[in-house]
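Me: I am new to this structure and would like a close look at a single part. Could you walk me through the place where the side chains of one chain reach those of the other?

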2 protein chains.
Amino acid sequence: MKSIVLFGAGNVATHLFRAFAEIEDYEVIQVYNHREKSLEFFKEKVPVTTDFTEVFPADIYLFALKDEAISLLADRVHYRDALMLHTSGATPLAAFESFEKAGVFYPLQTFSKNKPVDFKEIPICIEAKNESQLKMTEQLALKISPAVYKINSEQRRSLHVAAVFVSNFVNFLYSQGEQICRQNKIPFEILHPLIKETALKIKNLSPFDAQTGPAKRGDSDVINEHLGLLNEDQKTIYNLLTNSIKKLHGKEL
Amino acid sequence: MKSIVLFGAGNVATHLFRAFAEIEDYEVIQVYNHREKSLEFFKEKVPVTTDFTEVFPADIYLFALKDEAISLLADRVHYRDALMLHTSGATPLAAFESFEKAGVFYPLQTFSKNKPVDFKEIPICIEAKNESQLKMTEQLALKISPAVYKINSEQRRSLHVAAVFVSNFVNFLYSQGEQICRQNKIPFEILHPLIKETALKIKNLSPFDAQTGPAKRGDSDVINEHLGLLNEDQKTIYNLLTNSIKKLHGKEL
């Protein structure tokens, strides 16, 4: 049985805690967070603390914290024989360079506090200082998800950018669609099935092959009609993305 | 029993034909298409024709054709007592103005030829020349989907633009994410669960509330690091969308 101390009490920490509660061979023995209030959920289930000097010795220290807090707190860990892991997409493994045993355990998903997640569908990107530590990290990851990927720090930086494109920026486009609906008294829910199908389509089709719409067809009539319906900010976005699609699909600009 | 002649043999026509085959009270009695080859799928199931003079009399003529073909072909219909319907998001009801009975039957979804669809999950946006024709159109729509919306031509134009934002443009961002992955030898499938969750999240959360990421947080360190990893075209898109998100969420530009 390997012991884990979990640092953090946010979305990622909460979902990981739930997932670890259901596996064998590992046990979360303590949760640390600097604010007591966030520990409510944990404190009936496991010892908790807000005082770093009271952190238990453990086999694994798992940092599910904001990027800037990781190095800051890690340097205060005195049990130098533990495997140090963090869950951040943007923080390099080098943040743990002063430790003998260190790795990354990055679950690539957008977590919401009250929405249950199924870790079996969440890729976990792992990295470690050497092969044997990578093995240890992989063993833990495989307990909660079959989708474990070995991704180095440089790749993970790029993966994080790609995630911004396909998630943060995509969500922003959803908000633009909602705005257009609201301005025209159309219920946004009409677009939900289209949004879902667009997202699921690319499981079987590359996004290049899945592209449809007036820009891909080079249909200037529809494009000009659309531009006439938009405000200045929306027009700027519409033009840039339309021209980018045209360029990608070899249509004249 | 009401008879339907279906014009068109593309994705929308094919999926509608399948859906109509399973309902009561309506029967597709003929499929017209100008190219014989596309009629292969239909010809063992129903009479087909490529000759407009051979089109049967029917209660409903349903045009599931490219925008530009709708008015062109409709003017050749001689059975002036039929209800004329088209399935286009971009074509106004006015395209049928010379007909007594006319409406729009617009299923809002992205259709792929070989991917089965469940019409029960597809919104159908309807419109007609008057209340009784709207009722007739609604009756047909409700046979294949519970999600029937009354949307006028002006609203439908805006809905079509909104659909470009949440589907065509979103798919383009997926292609950018894939490109970044490819350039860094990362399997794109790692991002599939994130893409799916981002799309499903907005069923319960408004896109505004669902927004996450460095732009929303105003995290310049991460934003600058990301920009350093992108090519010029990607940078232009990243900057515009990041600044738009910042603006929407009241962060300084």
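Reply: The side chains of Arg157(B) and Glu225(A) meet in a salt bridge, 3.6 Å from N to O; the term stands for a side-chain nitrogen of Lys or Arg within 4 Å of a carboxyl oxygen of Asp or Glu. This pair crosses between chains, running from helix α5 (residues 153-183) of chain B to helix α9 (residues 220-227) of chain A. Helices here are DSSP runs of H or I with at least four residues, numbered from the N terminus.

A word on the ground rules: this is a predicted model, in which local features need pLDDT of at least 70 and side-chain atom pairs count only at pLDDT 80 or more, while totals for chains, interfaces and linings use all residues. Residues are numbered from 1 along each chain as its sequence is written, chains are lettered from A and ligands numbered from 1 in the order in which they are written, and side-chain values use heavy atoms, with hydrogens and water left out.

Back to the pair: Arg157(B) is partly exposed at 32% relative accessibility, and Glu225(A) is partly exposed at 31%. That class lies between buried (under 20% relative accessible area) and exposed (over 50%), using a 1.4 Å probe and protein chains only.

Now look at Arg157(A) and Glu225(B), whose side chains also meet in a salt bridge, at 3.5 Å from N to O. This pair crosses between chains too, from helix α5 of chain A to helix α9 of chain B. Arg157(A) is partly exposed, at 33%, and so is Glu225(B), at 32%.

The axes of α5 of chain A and α9 of chain B come within 10 Å and cross at roughly 105°; axes are lines fitted to C-alpha atoms, for helices over the stretch in contact, with angles from 0 to 180 degrees between N-to-C directions. That makes α5(A) roughly perpendicular to α9(B), a label for 65 to 115 degrees. Arg157(A), His160(A), Val161(A) and Val164(A) make the contact from α5(A), and Val222(B), Glu225(B) and His226(B) make it from α9(B), where contact means heavy atoms within 4.5 Å.

Finally, the two chains as a whole: chain A can be laid on chain B with an RMSD of 0.0 Å by a turn of 180° and a shift of 0.0 Å along the axis, superposed by least squares on the C-alpha atoms of residues with pLDDT of at least 70 in both. That is the relation of a two-fold axis.

Notes:
Helices (H or I, at least four residues) and strands (E, at least two) are DSSP runs, numbered from the N terminus. Angles under 35 degrees count as roughly parallel, over 145 as roughly antiparallel, 65 to 115 as roughly perpendicular and the rest as oblique.
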